[in-house]
Amino acid sequence: MISAATPDVATATARLRALLGDRLHEPGEPGFVTATRLWNGAVDRSPVLVAECLNSDEVADAVRIAARCHLPLSVRSGGHDWAGRALRDGGLVLDLTGLRAVRVDPDAATVTVGGGTTTAELLAAARPYDLVVPTGVVRDVGMAGLTLAGGYGPLCGRFGLTLDNLLGAEVVLAGGRRITADPQHDAELFWALRGGGGNLGVVTELRFRAHRLPAVLAGMIMFALAEAPAVLRGYGALIAEAPDELTVMAGFLPGPAGEPVVFVCPFYSGPDLDAGSPWVERLRALGTPLVDQITPMPYADALRMFDGGMVDGNHYLLRTRWLPRLTDGTVDALVDAARQVSSPFSALALHHFHGAATRVRLADTAFGLRRDHLLTEIIAVWAPGEQAGPHREWAERTSTTLAPHALPGGYPNLLAPEETDRVRLAYGTNWARLRRAKHHYDPRDLLTAVPTLPPSGHPR
C-alpha cells in the first residue's frame with residue numbers, strides 16, 4: 001500500500017517545482033492558504049503541498065510524482081465535501097480549480113467540462129442554448145464530485161441522477177496513465193465511476209448529455225413549525241403520486257428569527273409549465289404559507305434560492321439516512337429533531353428520488369439504490385469558536401432515531417469517513433464488483449475519496 005513507505009517530501013517538492021513553478025504551494029505561502037481553505041471551517045488537516053494543475057498532462061505528472069515519492073494524494077475540485085476529503089494530512093493536494101473550461105455542443109446536446117468546473121459554471125455556459133444538465137441544488141458544488149458519487153437534484157425524476165447523464169470521462173489513473181472511460185473504452189471503469197466516487201482515478205474532464213429545458217416552475221413555500229406534522233404527512237402523500245416532471249424537496253430551514261420553519265420546494269420541469277400548477281396548489285394547501293414564492297424561471301435561476309443558505313467558514317457535520325417513505329414515525333422523528341435543534345443555522349433536508357432515476361437497472365452503474373426513497377440530510381451547523389459537542393449530539397441523535405425506519409446504507413457522498421460498514425451496505429449487490437474495480441485501477445490505494453472505500457486489505 002502507498003502508506004507503507006516513508007514519504008519523500010523533499011524530492012516531491014523539487015520535482016513539482018520544476019513542473020509547476022509558482023503554482024506549487026507550500027505551507028506559509030498565500031496560495032497554499034487559499035487552496036486549502038474549504039467550505040467547512042471545521043476541517044483541520046495539514047497537507048504538505050498543493051499542486052495547482054491547469055491540464056491533464058500536469059495532473060498525470062503530479063500523480064506519478066506522488067506515487068514515486070510515497071505521498072498521500074487528495075483532489076480538490078469544488079471543495080464542498082463536508083468531511084474535507086479534499087485534504088489529507090501530510091499529503092499532496094491536486095488542485096483542479098484551474099480546469100474549468102466548458103464546451104457546449106448544442107447540435108449533439110452535450111456539455112463537456114473540466115474537472116474543476118462548478119455547477120454554476122456549467123449551467124451558465126449551457127443557458128444560451130436552453131440546455132441543462134441535472135445537478136444538485138448548490139451552485140458552488142463541483143460537478144466532478146457530485147457526479148462520481150451520484151448527484152441527487154431537482155431534475156432526477158425526469159432526467160435521472162447527474163451520473164445517469166454522464167457520457168464519458170477523461171481519467172488519470174493512479175500510475176499516471178491517461179485514459180478515456182465511456183461505453184466503448186474501459187467500460188468497467190466507466191461503470192465504476194458512476195457511483196464509485198473519486199477512488200479510481202483523477203477525473204480531469206466529464207462529458208454530459210444535456211436536455212432542452214427553457215424554464216421550470218419552481219420556488220419555496222414555508223410554513224410555521226407548528227404545522228410541520230400535517231405538512232410533512234401531506235408532502236409524503238403527494239410525492240407518492242408525483243409524475244416524473246415533478247421533484248419536490250422538503251425539510252426544515254432557519255426562519256427569519258432563527259426558529260425552524262418547514263418548507264416544500266417544488267421543481268416542475270414538464271414542457272407545459274401550466275400542468276404543474278395543480279401540484280403547486282396542493283402544496284400550498286398543506287397549511288398556511290408564511291412564504292409563497294413559486295414562479296416560472298430558468299433552472300439556473302431557480303437554484304439561486306439556495307445561495308447563502310450554508311455559509312462558507314461555518315462549522316458543519318452531516319449525517320444521512322435513506323427513508324423508503326414518510327411514515328408517522330419518521331414524521332414524528334423529523335419534527336422532534338427540528339424542535340430540538342441545537343443551532344439556529346442547522347437544517348434538515350429531504351431529497352426526492354423517483355421517476356427516471358428509479359428506471360436505471362441496478363447493475364448498469366455502481367450506484368446502489370434504485371427504488372423510490374427520500375435522501376435525508378441532517379446538517380448540523382455552528383459558528384467558529386462554539387463547542388461542537390451539542391451540535392454533534394443533535395445530529396447523531398437524529399440519525400439514530402431515524403435508523404429503524406431507514407433502508408440499509410446511505411448516500412456515500414454524505415457518509416462519514418469512518419462509516420465503512422454503511423458504505424458497503426449502500427452499494428448492496430454492486431459492492432464486490434466495485435471493490436474489484438478499485439483493486440484493478442488503483443491496486444496501491446493511492447486514492448481515497450468520496451465515498452471512502454476501505455483499502456484492499458480491509459475485510460470484505
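We'll start with a pair of helices and then hop between salt bridges.

Keep in mind that this is a predicted model.

**Stop 1: two helices.** Select residues 9–20, helix α1, and residues 56–68, helix α3; their axes come within 10 Å and cross at roughly 170°. Angles over 145 degrees count as roughly antiparallel, so that's how α1 and α3 run relative to each other. Now show side chains: on the α1 side you'll find Ala 12, Arg 15, Leu 16, Leu 19 and Leu 20, meeting Glu 58, Asp 61, Ala 62, Ile 65 and Arg 68 of α3. That contact splits into six nonpolar residues, four charged and no polar ones.

**Stop 2: salt bridges.** How many salt bridges does the structure hold? There are 27. Arg 178 sits in strand β9, 121 residues away from Asp 57 in the chain. Both ends are partly exposed: Asp 57 at 44% relative accessible area, Arg 178 at 38%.

**Stop 3: helix to helix.** Jump to Asp 328 and Arg 233, bridged at 2.9 Å between their closest N and O atoms. Asp 328 belongs to α11 and Arg 233 to α8, so this bridge ties together parts 95 residues apart in sequence. Arg 233 is partly exposed at 34%.

**Stop 4: loop to loop.** Finally, select Arg 359 and Asp 244, whose side chains meet in a salt bridge at 2.4 Å, N to O. Arg 359 is in the loop between β17 and β18, while Asp 244 is in the loop between α8 and β13. Is Arg 359 buried or exposed? It's exposed, at 55% relative accessibility, whereas Asp 244 is partly exposed at 24%.

Key
Residues numbered from 1 in each chain as written. Predicted model: local features only at pLDDT ≥ 70, side-chain atom pairs only at ≥ 80, totals over all residues. Heavy atoms only, no water. Axes fitted to C-alpha atoms, helices over the stretch in contact; angles between N-to-C directions. Helix = DSSP H or I, 4+ residues; strand = E, 2+ residues; numbered from the N terminus. Parallel < 35°, antiparallel > 145°, perpendicular 65-115°, else oblique. Contact = heavy atoms within 4.5 Å. Nonpolar A, V, L, I, M, F, W, Y, C, P; charged D, E, K, R; others polar. Salt bridge = Lys/Arg side-chain N within 4 Å of Asp/Glu carboxyl O. Buried < 20%, exposed > 50% of the residue type's maximum accessible area, 1.4 Å probe, protein only.
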